[in-house]
Each structure stands twice: as structure tokens, then as C-alpha cells.
Protein chains: 2
Amino acid sequence: MTNFDSFFKSAFTVDNVIFGFDEGDLKVLLIKRGEEPYSGKWALPGYFVYPNEDLNNAAIRVLEELTGMRNVYLEQVQTFGKVDRHPFGRVITIAYLSLVKISKYSIQPASIALKAKWHSVASLNDLAFDHLEILSASFNQLKRSVRSRPIGFELLPSMFTLTQLQHLYEAILETELDKRNFRKKILSMDLLIDLNQTSNQP
Amino acid sequence: MTNFDSFFKSAFTVDNVIFGFDEGDLKVLLIKRGEEPYSGKWALPGYFVYPNEDLNNAAIRVLEELTGMRNVYLEQVQTFGKVDRHPFGRVITIAYLSLVKISKYSIQPASIALKAKWHSVASLNDLAFDHLEILSASFNQLKRSVRSRPIGFELLPSMFTLTQLQHLYEAILETELDKRNFRKKILSMDLLIDLNQTSNQP
DNA sequence: AGAGCTAGTGTACTTTATACACTAAATAAT
DNA sequence: ATTATTTAGTGTATAAAGTACACTAGCTCT
């Protein structure tokens, strides 16, 4: 029988692209690295998957350590596995995308969380590892997902105005939407409860 | 500095869901396993990723060893990583989906290929490992992909009739399509060259 | 009180999707 | 050789979804 030992020298991580929405802007939660490699650079939150841990659970764990949130929207994006992507050895990473309500987010005591900060997605151009590529793939997947499923709400507080929702969609899709057509479509989907309240929030 | 050695004891494989189309039926190429675990069961073709090999290249390699084909349509599907999915240890697998023209396929001399056989996708209900789940996820992704991009051609010989193409789409989407509407839509896409030939192939 | 900003609303038009039936030609059967 | 059966090929009418577009009422700020 063949000996497979030489294959069992790799590791894998999960990296979590955590999207939020605030001030009319699509944001992503990044960690400022305090150690090598890429010390001082911003990176996606992620960690090695433990030997006895399912992939999905690893993604959930990373998210919870950082934000304290559970039951958050999460989907797998893609796996990145270039040979030289990690200086410690052969490490592939499974990217996850999650959507959180920034309003519910509060900094966690875990040490990693102290270095976390929300960044506008549009403004990023230099991240640790291949994280810019991962972010970009995840953003594209978000665009696709948002067209086919009503997941946008995950990014807003539980009460919101249609205008806020529209701004969110515009931020994700990177395009302007017609106000009347947008409202017509959303309301025809029968997903929302009309609170009969009005608001002039900025 | 933390010691990460304990994480570098895992392995990963690629598994390739190779679709073909023949006799009006959507097929998938499987290998009959000749060794443990799951000896005697049918499995998706796959193998460990070599330490110096990019993920995509591993998928290409597996496909070429088996079919002799290069430049074949290939896309990553998803990564499967339950803790206990492989009896040798912690092995996660990255699933790829590929589309080949069965007419161009011929059995390769590689030993693995001798045990390969095309199976109707619809007829499968028991595969090695978690391969049934992988197949099912890949089939779903194929359904989605085929709606948004004209990749159906990849499964047919370079000359084909519109009827054949329709049968292919019906097999993938698992639904009947209206002949006139189908032709109207395909022809309006301007993707095909009309050979002005007619054929009464079965 | 006035100026400026934002929320809220309806209709006409265009594009895309769907439903549907017959003829001509080839092949198979007697 | 004639007939029966199968398959390819074609158009129109209707429904649904998407898009373009402008004004009013009410609030906020000065």
C-alpha cells in the first residue's frame, strides 16, 4: 500500500469576509496584523482550522470570537490554494462571506478583536497575503447572491426605511437604482412588514 | 511565537465531477475503487494535491490522467471538510466540475483510467466517501451555471443539432422545454454558426 | 417665512417569457 | 410501392417583468 504521509503536512485556514453597512457605505471588518508575516498590514480575520473542527464551524468560531455574534448569515465562497500564498508552508484557505448588522456589533474582549476595524470596501488596495483577491471574489459573490436571494436585510437593523435598503443595494451592486421601481419590486416580494412609521433619518 | 506545527498535519485532495452527455442522458465519470477505504465502490476521480502544486493544476492533472484531455471547461465548486470524512486522517477536498465532450473521450493507459466508467447522473445513489453529496452540489451548480452562461456546448461535439442541444438542457435542468421558444432564445444569442445542414440523427 | 432637502407615489412603454399547432420530409413497416 | 410513424422546422398572440420618468407634501434648517 502506498504511503501517504508526505501529503499530511499541510494546513488550512478559514478567512472570513465580514460585510457590514454603515453611513451609506459597504464595509468589511479587517484586523491589523501585529506579527509576521505581513506585520502592520490589514488582513481578513481568519485562523487555522483545528484538527477536530468542521470547516463551517471554524468560520463560525472566527466570527464569534471577533464579533460575539452567533446565527449570522454565512456562506462559503471559494478556496484559494496557490502554492506560495503562505510563508509558513502549504496553507490553503477557505473563504467565507458573512453579513452582519453593524449596529449590533460591539468590540469583543478577545485580543484579536482589539485590532479590528471596519473599512470601506471601495477604498482598499493593499492587504496581507492574497486577501485582496479573496475580498474581491467575495464581493463578486455577494453581488450575485444579493440578486437571487433577499439577504440584504442581514446588513440592516431590524427596522429600516426603504431608502436605507435602496442605498444598501446601490452600494453592493455599485449602480444607481430607480426609486419607484425599486420600491415596487421590493414591496411586491411581500417580505417586509410595513410599520406605518415614517422617518427622516439621514 | 506560537508553534503552528500541530496544524500542519492535514492533507487535501481535489475531486473532479466530470460531466458528459450521451444518449440523451447526463453522465458523470466515476472510478471503481480497487482498494480500501470503500473498495469496490464507485467514486469521483480525485487525488491528493502535491505539495508544490496549485489547486487548479491538481484538478487539471486528475482530469488529464484520466481522459487525456486538456483545455477542458473547469470550475471550482465547493470545499468539503467534515472532520471524519476520510479514514486516513484530516483530509478536506476541493470539488471541481468539468464538462467534456464524450465523443472525444477515449480510455487512457493510466491504470486508474481502466476502472473508469460513465454513469447516468440520475441513477446514482451510493458512492464512496461523501461523494454523493459532492456530486449533488456540483449538479446544482451546473444547473445554475448553465442558466447564466452558454457553457452547454462544452458537452456536445462541435457540430450538433438544435434538438440535441435542447435535450442537453432538458437533462441538466430536469425539465421539459418548449421547442419553439428554446430555438428562438438560442438563436437570438448569436452564438452559433448555422451550417445549413439538416440531419435526422436519432 | 422661506429655501432646501427627502419621502412618497403611478403610468406608459419596452423587453422578455410563455403558450400553443401545423407542415414537410425522412424513415420504418406492411 | 404505399402507408404509417417519427422528427425537424416554423410564427403569433398573450402575459409578465423591467425600465423610464416628474411632481407633491412635509420636514429641517436658517
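Predicted model: local features only at pLDDT ≥ 70, side-chain atom pairs only at ≥ 80, totals over all residues.
Reader: What share of the residues of chain A count as buried?

Author: For scale, the C-alpha trace of chain A spans about 65 × 40 × 30 Å along its principal axes. Chain A has 202 residues, and the part of them that counts as buried is 31%.

Reader: And among contacts in chain A between residues at least 6 apart in sequence, what percentage join residues at least 24 apart?

Author: Take the contacts in chain A whose partners are at least 6 apart in sequence. The part of these that joins residues at least 24 apart is 69%.

Reader: Are α4(A) and α5(A) roughly parallel or roughly perpendicular to each other?

Author: In chain A, helix α4 covers residues 162–173 and helix α5 covers residues 179–188; their axes come within 11 Å and cross at roughly 105 degrees. Angles of 65 to 115 degrees count as roughly perpendicular. So α4(A) and α5(A) are roughly perpendicular.

Reader: Which residues of α5(A) meet α4(A)?

Author: By class, that contact has four nonpolar, one polar and two charged residues. From α4(A) come A:Leu162, A:Leu165 and A:Gln166, and they meet, in α5(A), A:Lys179, A:Phe182, A:Arg183 and A:Ile186.

Reader: Over in chain B, how is α2(B) placed relative to α3(B)?

Author: Helix α2 of chain B (residues 131–148) packs with helix α3 of chain B (residues 162–173), the axes being 9 Å apart and the angle about 135 degrees. That angle makes α2(B) relative to α3(B) oblique. On the α2(B) side the contact uses B:Leu142, B:Lys143 and B:Val146, and on the α3(B) side B:Tyr169, B:Ile172 and B:Leu173.

Reader: Which residues have the most contacts inside the largest nonpolar core?

Author: The largest nonpolar core has 85 residues. One of the residues in question, A:Val17, touches A:Val28, A:Leu44 and A:Ile134, among others, leaving out residues up to four places away in sequence. The residues with the most contacts inside that core are A:Val17, A:Phe19, B:Val17 and B:Phe19.

Reader: Which element supplies the largest share of the side of chain B that touches chain A?

Author: The contact takes 24 residues from chain B and 24 from chain A. In chain B, β1 (11–22), β5 (73–80) and β6 (91–99) each supply at least two residues of that side. The largest share, three residues, comes from β5(B).

Conventions:
Residues numbered from 1 in each chain as written. Chains lettered and ligands numbered in written order. Buried ≥ 20, exposed ≤ 12 C-beta atoms within 10 Å, placed from the backbone. Contact = placed C-beta atoms within 7 Å. Axes fitted to C-alpha atoms, helices over the stretch in contact; angles between N-to-C directions. Helix = DSSP H or I, 4+ residues; strand = E, 2+ residues; numbered from the N terminus. Parallel < 35°, antiparallel > 145°, perpendicular 65-115°, else oblique. Nonpolar A, V, L, I, M, F, W, Y, C, P; charged D, E, K, R; others polar. Core = buried A, V, L, I, M, F, W, Y, C linked by C-beta atoms within 7 Å.
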